[in-house]
Number of protein chains: 2
Amino acid sequence: MAKRIIGTTPKQDGYRMPAEYEPQEKIWMIWPERPDNWRDGGKPAQKAFAQVAQAINKFTEMSVLVSKDQYRNCRAQLPAKITVIEASNNDAWVRDCGPSFVVNDSGAIRACDWKFNAWGGLVDGLYFPWDQDDVIAQKICEIEQIDSYRTDDFVLEGGSFHVDGQGTVLTTEMCLLSEGRNPDLSKAEIETKLCDYLNCQKVLWLQDGIDPEETNGHVDDVACFVRPGEVACIYTEDQTSPFYEAAQDAYQRLSEMTDAKGRKLRVHKLCCPIENVTIRGDFAIDTVEGTLPREDGDVCIASYMNFLITNNGVIVPQYGDVNDALAIKQIQTMFPDKEIIGVDTVEVVYGGGNIHCITQQQPKR
Amino acid sequence: MAKRIIGTTPKQDGYRMPAEYEPQEKIWMIWPERPDNWRDGGKPAQKAFAQVAQAINKFTEMSVLVSKDQYRNCRAQLPAKITVIEASNNDAWVRDCGPSFVVNDSGAIRACDWKFNAWGGLVDGLYFPWDQDDVIAQKICEIEQIDSYRTDDFVLEGGSFHVDGQGTVLTTEMCLLSEGRNPDLSKAEIETKLCDYLNCQKVLWLQDGIDPEETNGHVDDVACFVRPGEVACIYTEDQTSPFYEAAQDAYQRLSEMTDAKGRKLRVHKLCCPIENVTIRGDFAIDTVEGTLPREDGDVCIASYMNFLITNNGVIVPQYGDVNDALAIKQIQTMFPDKEIIGVDTVEVVYGGGNIHCITQQQPKR
């Protein structure tokens, strides 16, 4: 039994969202398939997703959701120790349509089920419809028998914020103040929502993300908490990089910020790829009205920041770039006690996201 | 994680199928919808299924599987304390396509995932295709993280047999020796399969069931175990009843049988409805080639035997028949310590089955 909690918030009920570096019970993913987003019928992406799942599974249990049509194939592509469960979906971004779990001091777990509108709804959303994605969180909660808070009056995606588990939220104005999400809420009202549902006291605002045309600047391509009081931020001095301005601005802002506990943040630099990853004209991608087209030469949002912290491991995107090894080294320095595993996720980035975007952690109870 | 167990059987591994009257953890159902079987777009059947689910839920936890298309409606029709999980299906007969669970003496649980072919495959199956039904057992096992034995070389449905939990299987020749299931297996080979997978020592064979055109005579409309050494059997002296001959024959055979422990069976009589339940010509049922048509005047298989025993309750079909109350009274006598709840399931019987056919128990671990 998994019920909807009506009339209260996690903060009122004593639940908080733990940080990604706190102990996890399992990681959720959704199997990719839509041929208007993933090239060649999704086959290269499926291979990459399977590799990501297996890398995570070295540290943490994995459950993969999949549509009816791909159920048998997904089950065959993944090892038996990875759980596969049917769930219809519009695409594979469980970070954004999935639940954000919250826990209390007694070890109980609940979830926030954010209203989802495909990163901007009819204003600048990336596909239509998004009806199946918007019940993914509920379906996960029913499978796990976890009660949930549904925010019918608040659109949010899990990739648009990070928490430190100690009262601080990190997000971007570009995304949370975007016209396609909560145009009737003021910045102060949005802060209140974040603090009520994540049980935080302070919101740290960056200005821009690096993918204005896609998620409207999710923070998970730009920065994250490494541990309480410490963040990582993408950094480049290459003024020709498409991410230069946003990265510089984020780094400057973070360097001057204090968290909810009053700690001045320590900021770790994380390099960017030297070469752009771009969409190639010979990719076979279906043309569907209402879906953001992927066209020859489009620059993909290839950030090393889109890694997943999972128990004793960190799973890091690799692009076949000169800086791949440097990224791994920098992340190892941030997490000296964790094993850093790089996975070639060029095929994931072609679809518009990366490891963090396609995963969602469920904390230990 | 839920793996396939290869190369052994439950008997070899020390697992046995518990009887329905042993303690249960939950009951599974599948939400009905196909408009070529259920009249009026499945709406009357859905109402009846919801009532059955709620009656069961008085005693036992309930999980209901539902297709993507009916997910939101099913979730809205059922109370929050009943779990709803997406699973594609070809129809709603989870007794037959679902897993038969087995347990060991340490309280561990596994499952038999029988090959399913819609009650006769291309010989005399009831619809085509049955591909989604045939992965329902696997999907349930993944959701529950239960390892399973798949019988790719043995077609069986859960409604075609009963066990007493102490080494005895009860079934019918009409069904298990039918041409559409395992035509290449001898009766002795089928006995071996049943005994290996259910961990039994003796198979009790009735000759006929009462629905030769549908399930080819599932035993669960004719007889069941009430407790070790005792069975119930449908009984009528009305020679005009369509079930007269099969009922009389089953009663005579059971009265002369001994179980695996050598006990002579005590046979409880269970009445039949006085009036036939029939399909009416004004039912709005889609016409689909390959699906058994339901035509004006067809006699439905309305048996009181198709009840479900579930922890402290027994959920019994009611038809608005003169004998409804007698059936309840007789079943109360069989189960003096359980609460007997009647549910009007005329709409379920219109679709070709009843409470036992649409439920599957998962034993306590």
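User: Which residues of α8(B) are exposed?

Analyst: A residue counts as exposed if 12 or fewer other C-beta atoms, placed from the backbone, lie within 10 Å of its own, as buried at 20 or more, and as partly exposed in between. Here B:A188 and B:E189 are exposed. This is a predicted model: local features need pLDDT of at least 70, side-chain atom pairs count only at pLDDT 80 or more, and totals for chains, interfaces and linings use all residues. Residues are numbered from 1 along each chain as its sequence is written, while chains are lettered from A and ligands numbered from 1 in the order in which they are written.

User: Which residues of α8(B) are buried?

Analyst: B:I190, B:L194, B:Y197 and B:L198 are buried in this helix. They lie on the same side of α8(B), because their arc around the axis (taken from the directions from the axis to the C-beta atoms) covers only 85°. B:A188 and B:E189 are on the other side.

User: What span should the 12 residues of α8 in chain B have?

Analyst: The expected span is 1.5 Å times one less than the number of residues. For residues 187-198 of chain B that gives 16 Å, and the end C-alpha atoms are 16 Å apart, which agrees. After α8(B) comes B:N199, with a positive phi near 60°.

User: How many helices and strands does chain A have?

Analyst: Helices (H or I, at least four residues) and strands (E, at least two) are DSSP runs, numbered from the N terminus. Chain A has 11 helices and 16 strands. Its C-alpha atoms fill a box of roughly 55 × 50 × 40 Å along the principal axes. Of the 365 residues in chain A, 54% are buried.

User: How many residues of chain A are in contact with chain B?

Analyst: Contact means that C-beta atoms, placed from the backbone, lie within 7 Å. In this model, 20 residues of chain A are in contact with 20 residues of chain B. On the side of chain A that touches chain B, β3 (83-86) and α6 (136-144) of chain A each give two or more residues. The largest share, four residues, comes from β3(A).

User: What rotation superposes chain A on chain B?

Analyst: Two copies of a chain are related by a rotation about an axis and a shift along it. Superposition is by least squares on C-alpha atoms of residues with pLDDT of at least 70 in both copies. Here the rotation is 180° with 0.0 Å of shift along the axis, and the RMSD is 0.0 Å. That is the relation of a two-fold axis. The same surface serves both copies, as 100% of the contact residues of chain A recur in chain B.

How values were computed: Two residues are in contact if their C-beta atoms, placed from the backbone, lie within 7 Å.
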